[in-house]
Amino acid sequence: MPRVLSGIQPTADSFHLGNYLGALRNWVAMQRDYDTFFAIVDLHAITVPTDPVELQDRTRLSFAQLLACGLDPELSCIFVQSQVPQHAELAWVMQCLTGFGEASRMTQFKDKSAREGGDAASVGLFTYPILQAADILLYQADQVPVGEDQRQHLELTRDLAQRFNGRYGDTFVVPDAYIAKETARVVDLQNPAAKMSKSLPTGCLFLLDESKVIEKKIKRAVTDSVGEVHFDPVEQPGVSNLLAVIAAMSDSPIAEVTENFAGGGYGPLKQATIDVVVPFARDFAVRVADLMADRAELDRIMDEGARRAREVADVSIVEVYDRVGLRRPS
Ligand code: TRP
């Protein structure tokens, strides 16, 4: 089976519908056909200022949410990045293979560092994509399911794998981005020009929000003045977003869903969105609460995932140290 690795940051108190429909649901679907590795990337989270207690809580809560989504520790290696020291070890080696100019061209760094106040941004934020490359290469992943916004980081990962292989001999699999055809790109309910994001909370449907809050956000979703339901992401982005959400959540073709609302106004469309999202979120929240209630069991699952991840990662790092001329601890 081809190997797959992906990661998600523990930087919110809840995953949102965009995370679920754009990534997590796809991870769950891949578990039986791929050799799957999924990480909570807490080392990436500290690239911007982070409260230690909050980080610890969010890492645990994020892990529970991965399980609640349907990731199964029997089928996937699910782990927390900081429990696998090989990530940081390989990242250092890869930083020494990356050109300063090459790293400077990463557009996500330019956006994120601007938000952190330019020069105040950390060097860790600058080298973030190199740590991401290490995450992927350590596991010899063939495919990396990521969103469109991660393409440039995947290109860097491929370049670094090829560079290492060229300089030191064949060591790493050169991975491909896996951009799933069927994943819905969920947009912000208040500003349909933007992708749904935790940094814009009023237009973001957090799965662990209370039902009332989710309902209210959907009712307030921005539509348009056309007054009829059509799937037209350019002219009617808000309405099309709701159609796409209903289609994805009910596993129906968008054309069929759109047909059902032909001639109707936006009220029934919003109600239908509430009807698919609210029960799902409610069940999800119950599963998360159950998992969080048994702390010892959750820790056991985390530790076991990390143990398996370290086993795989160690094979790569031993070879890397040997090829580069470094010594492993004896
Ligand atoms: N940068 C990714 C994101 O923000 C998260 C990530 C970190 C990741 N390491 C990874 C994704 C490795 C895929 C593979 O979405």
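1. Basis. This is a predicted model, in which local features need pLDDT of at least 70, side-chain atom pairs count only at pLDDT 80 or more, and totals for chains, interfaces and linings use all residues. Numbering runs from 1 along each chain as its sequence is written, and side-chain values use heavy atoms, with hydrogens and water left out.

2. Ligand shell. Which residues are around the ligand? They are Leu5, Ser6, Gly7, Val41, His44, Tyr128, Gln132, Asp135, Ile136, Val144, Val146 and Gln150. A residue belongs here if one of its heavy atoms lies within 4 Å of the molecule. By class the shell has 6 nonpolar, 5 polar and 1 charged residues. Ala, Val, Leu, Ile, Met, Phe, Trp, Tyr, Cys and Pro count as nonpolar, Asp, Glu, Lys and Arg as charged, and the others, Gly among them, as polar.

3. Shell by element. α7 gives the most, with 4 residues. β1 (3-8) and α7 each supply at least two. Helices (H or I, at least four residues) and strands (E, at least two) are DSSP runs, numbered from the N terminus.

4. A side-chain N or O atom of Asp135 is 2.7 Å from a ligand nitrogen. For Tyr128, a polar side-chain atom lies 2.8 Å from a nitrogen atom of the ligand. For Gln150 the distance from a polar side-chain atom to a ligand nitrogen is 3.0 Å. The protein covers 87% of the 360 Å² of accessible area that the ligand has on its own, by the Shrake-Rupley method with a 1.4 Å probe.

5. Cavity. On a 1 Å grid over the protein atoms alone, a cavity is a set of points where a 1.4 Å probe fits but cannot get out; lining residues have an atom within 4 Å of a point. The count is 1 cavity of 30 Å³ or more.

6. Asn19. This residue sits in helix α1 (residues 17-30). A polar atom of the Asn19 side chain lies 2.9 Å from the backbone nitrogen of His16. Beyond neighbours within four places in sequence, Asn19 is in contact (heavy atoms within 4.5 Å) with Ile8 and Leu24.

7. Positive phi. Most residues other than glycine have a negative phi. Gln140 has phi near 55° and lies in the loop between α7 and β4 (143-145). Asp251 has a positive phi of about 50°, in the loop between α10 (237-249) and α11 (254-260).

Conventions: 1 Å grid on protein atoms, 1.4 Å probe; cavity = no way out; pocket = protein on both sides within 12 Å on 5 of 7 lines; lining within 4 Å. Points joined across faces, edges and corners; volume = space filled by probe spheres on them. Polar contact = N/O pair within 3.5 Å; in protein donor to acceptor, adjacent residues only side chain to side chain.
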